[in-house]
Amino acid sequence: MAKETAHRIGYEGLHEIKEWLEATTRFAFSYTVWDSEPMCTRECPDGTKKALDLEGNTVGAPYERPRPVSVECKKYTTVGGQAEGYREFLAVAYANTVHTIDSMGGDAEREFLWVTYHPFSQNKWNKLLSVTHLRGCVEEYSSLLGGAVIDDDLLSKVAQRIGVLVVHQRQVNLRLTKDEAGLALYHLRKEGYRA
């Protein structure tokens with residue numbers, strides 16, 4: 001596939017996924033890698049900076065604190081290199097959490113989502129979100145840690161904040177538009193629902 005075509009498909013997929021996730025009313029994204037790469041870049045203890053596709057926050061009940069969320073979108077029509085890309089994504093998620101704790105003095109409790117149009121690693125599917133799998137990925141990319149020791153408690157916390165979503169184009173096409181989602185929320189709130 002030509003590089004220009006791949007970029008166009010990636011751009012379309014990113015915006016489709018952004019709208020699809022926002023239509024759930026559980027996420028609000030302020031930045032995409034296409035228009036604000038620095039805001040979508042996650043840093044690791046060794047100084048590596050990895051740009052992910054979307055950056056925003058969770059949206060919950062009024063009493064819940066919004067949490068940052070970083071999303072990597074893959075509009076693949078075949079498996080491609082997703083398994084390796086996902087392994088690096090997991091390592092970056094953990095390493096960025098370590099970096100945030102070290103540089104900010106606390107855990108931002110960032111969520112990391114991998115959203116793809118095509119399934120991958122199907123023989124390992126039930127292990128992709130496990131602490132064991134995360135540990136293996138972090139060990140494989142241990143240079144990202146800049147010498148930091150892997151912390152089992154932190155591995156467990158980060159594993160709980162990672163999600164893998166597989167969507168079909170038809171499913172994405174069924175998403176509510178911003179206007180439709182706004183109208184639905186208006187009526188829900190009118191009936192006493194709090195998002």
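1. Glu111, Leu113 and Val115 point one way from strand E6, while Phe112, Trp114 and Thr116 point the other way, and all of these residues are buried. The model is a predicted one.

2. Which strands pair with E6? On one account, strand E5 (residues 68-74) runs parallel to E6 and is joined to it by 6 bridges. Within that pairing, Glu72 has Trp114 of E6 as its bridge partner. Strand E7 (residues 162-166) also pairs with E6 in the parallel sense, over 5 bridges. Here Thr116 stands opposite Val166 of E7.3. Strand E5 is mostly covered, with 7 of its 7 residues buried. Pro68, Ser70, Glu72 and Lys74 point one way from E5, and Val69, Val71 and Cys73 point the other way. Strand E4 (residues 54-58) runs antiparallel to E5, and 4 bridges join the two. The bridge partner of Leu54 in E5 is Val71.

3. E5, H2 and E6 make a right-handed β-α-β unit. Helix H2 spans residues 82-104 and contains both Tyr86 and Phe89, which are 3 residues apart, about one turn of the helix. Tyr86 and Phe89 are both buried.

4. Aromatic contacts come next. The structure holds 9 aromatic pairs. The ring centres of Tyr86 and Phe89 are 6.2 Å apart and the ring planes are at 25 degrees, so this pair is stacked; the cut-off for stacking is an angle under 30 degrees. Tyr86 and Phe89 also belong to one aromatic cluster with Phe112, Trp114, Phe120 and Trp125. Of these, Phe112 and Trp114 are among the residues listed above for E6, where they point one way together with Thr116.

5. Trp125, a member of that cluster, lies in the loop between E6 and helix H3 (131-140). Its relative accessibility is 36%, so Trp125 counts as partly exposed; that class lies between the 20% and 50% cut-offs. The C-alpha atoms of Trp125 and Val164 are separated by 9.8 Å, although the two residues are 39 residues apart along the chain.

6. Ser121 is found in the loop between E6 and H3. The phi of Ser121 is near 45 degrees, a positive value in a residue other than glycine. Most residues other than glycine have a negative phi. Ser121 has a relative accessible area of 21% and is therefore partly exposed.

7. Thr25 also has a positive phi, near 65 degrees, and is likewise a residue other than glycine. Thr25 has its place in the loop between H1 and E1. At 18% relative accessibility, Thr25 counts as buried, because the cut-off for buried is under 20%.

8. The second largest pocket has a volume of about 230 Å³. Of the 15 residues that line this pocket, the closest to its centre are Glu22, Thr25, Phe27, Ala181 and Leu185. The elements that give two or more residues to the lining are helix H1 (3-23), strand E1 (27-32) and helix H6 (178-190). The largest share, 5 residues, comes from H6. By residue class, the lining of the second largest pocket divides into 8 nonpolar, 3 polar and 4 charged.

9. How many cavities of 30 Å³ or more does a search of the whole structure find? The search finds 1. The volume of the largest cavity is about 30 Å³. Its lining is made up of Asn96, Thr97, Thr100, Asp107, Ala108, Glu109 and Arg110. These lining residues divide into 1 nonpolar, 3 polar and 3 charged.

Methods: Residues are numbered from 1 along each chain as its sequence is written. This is a predicted model: local features need pLDDT of at least 70, side-chain atom pairs count only at pLDDT 80 or more; totals for chains, interfaces and linings use all residues. Side-chain values use heavy atoms; hydrogens and water are left out. Rings of Phe, Tyr and Trp (its six-membered ring) pair if their centres lie within 6.5 Å; planes under 30 degrees apart count as stacked, over 60 as edge-to-face and the rest as tilted. Buried means under 20% relative accessible area, exposed over 50%, partly exposed in between (1.4 Å probe, protein chains only). Two strands pair if DSSP finds at least two bridges between them. A crossover is right-handed if, with the strands pointing away from the viewer, the path from the first strand over the helix to the second runs clockwise. On a 1 Å grid over the protein atoms alone, a cavity is a set of points where a 1.4 Å probe fits but cannot get out, and a pocket is an open set with protein on both sides within 12 Å along at least five of seven lines; lining residues have an atom within 4 Å of a point. Grid points are joined across faces, edges and corners, and a volume is the space filled by probe spheres set on the points. Ala, Val, Leu, Ile, Met, Phe, Trp, Tyr, Cys and Pro count as nonpolar, Asp, Glu, Lys and Arg as charged, and the others, Gly among them, as polar.
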